[in-house]
Amino acid sequence: MTAPPDAAWLPAAARALGGSAAVVARTPLAGGYVAASVERVDLDVDGRPVPVVLKAASPVEVAAMRAVAVVRPVAPGPGLLAAGEGWIVVPFVDGTPPAEGEPVPDAAWEALARVHAHWWRRRPRGIPLVDAAHWRGLCDRTLVAVRGAAARTGDPAFTEVADALTAWRTDPRVGGALAGLPRTLVHGDAHRGNVLGGALIDWGNARVAPAGVDVLTLAGTFGAPAPQAYTALFDALRPGARPPGVAEVERAWADVHVHVHYLGFAADHLGVERVGEMAAVAERGLTILGPLLAT
């Protein structure tokens, strides 16, 4: 993906900002804004300095940003100024992600609650669905990384995890959970690195899935509940949407899905011990799912 020429995005951004805009400076960005082409663009809008982010974006990210833009009254992210085929323009958020040990800002949790509640049991156009086929594809992609680590290191523990993934790929407990759980628009990668100033950025992995995938990822620990800022607002906006039985199934499913989702990264970067820990959490989630689905 490459950034569009200024003629493609600047007029639309100027209309959103309410004036005539000219480019003053450009600065490449990294961190949570990672993409093939992403930069801070400093604009002059009728004499006002306005920094924005111009990002080459996948069709999914463009669709997701358009979907979150309709959520009100609190903007669920840095806001969408303009979008086109393969690109988005959003306001520049000046900040750094929360450090390890720092709490995620309540604003991020509240934004997530509003997104989940707004799109509850609805599917925005252009967003992939997490279903049994998606799960099989996720396992296949993760298997490539885990088998690569086994070949690279010769450690039999990686082979054991690969065998487990092969079995999980068609595990009826995952299919049973996905068949019954309500879905919504999820960020899909809501870790600390994608939180800037209370805003959730980088929606390129957005999916239509059970909300627990975001809740568990952002909470960042096994079994950690969402804070009151999330649960109170979600329950107020969607009262009774998650009865206790559904909530328990969603938490167990999320443990499986999230840990398999990040197993490939762990196999490439974090070593066999961490891979084993994550696989054990996924296995425990499956063990919990069995009796929950039977009731």
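1. Helix H6 touches helix H9 through Val 174, Ala 177 and Leu 178, which meet Val 249, Trp 253 and Val 256 of H9; contact means heavy atoms within 4.5 Å. By class, this contact has six nonpolar, no polar and no charged residues. Ala, Val, Leu, Ile, Met, Phe, Trp, Tyr, Cys and Pro count as nonpolar, Asp, Glu, Lys and Arg as charged, and the others, Gly among them, as polar.

2. A note on the basis. This is a predicted model, in which local features need pLDDT of at least 70 and side-chain atom pairs count only at pLDDT 80 or more, while totals for chains, interfaces and linings use all residues. Residues are numbered from 1 along each chain as its sequence is written, and side-chain values use heavy atoms, with hydrogens and water left out. Helices (H or I, at least four residues) and strands (E, at least two) are DSSP runs numbered from the N terminus.

3. H6 and H9 pack at an angle of about 130°, and their axes are 10 Å apart. Axes are lines fitted to C-alpha atoms, for helices over the stretch in contact, with angles from 0 to 180 degrees between N-to-C directions. H6 is therefore oblique to H9. Angles under 35 degrees count as roughly parallel, over 145 as roughly antiparallel, 65 to 115 as roughly perpendicular and the rest as oblique. The two helices, H6 and H9, cross in a left-handed way, that is, the near helix is turned anticlockwise from the far one by less than a right angle.

4. H6 (residues 172-180) also packs against H10 (residues 272-294), at about 60° and with the axes 9 Å apart. H6 and H10 are therefore oblique to each other, and the crossing is left-handed. Arg 173, Val 174, Gly 176 and Ala 177 of H6 meet residues of H10, including Glu 283 and Leu 286. The contact of H6 with H10 has five nonpolar, three polar and two charged residues.

5. The axes of H4 and H9 come within 8 Å and cross at roughly 30°. H4 and H9 are therefore roughly parallel to each other, and their crossing is left-handed. The contact includes Trp 135 and Arg 152 of H4, and His 257 and Asp 268 of H9. It has ten nonpolar, five polar and two charged residues.

6. The largest pocket has a volume of about 870 Å³. A pocket is an open set of points on a 1 Å grid over the protein atoms alone, where a 1.4 Å probe fits, with protein on both sides within 12 Å along at least five of seven lines; lining residues have an atom within 4 Å of a point. Grid points are joined across faces, edges and corners, and the volume is the space filled by probe spheres set on the points. Of its 36 lining residues, His 191, Thr 217, Val 258, Tyr 262 and Met 278 are closest to the centre. H9 gives the largest share of the lining, nine residues.
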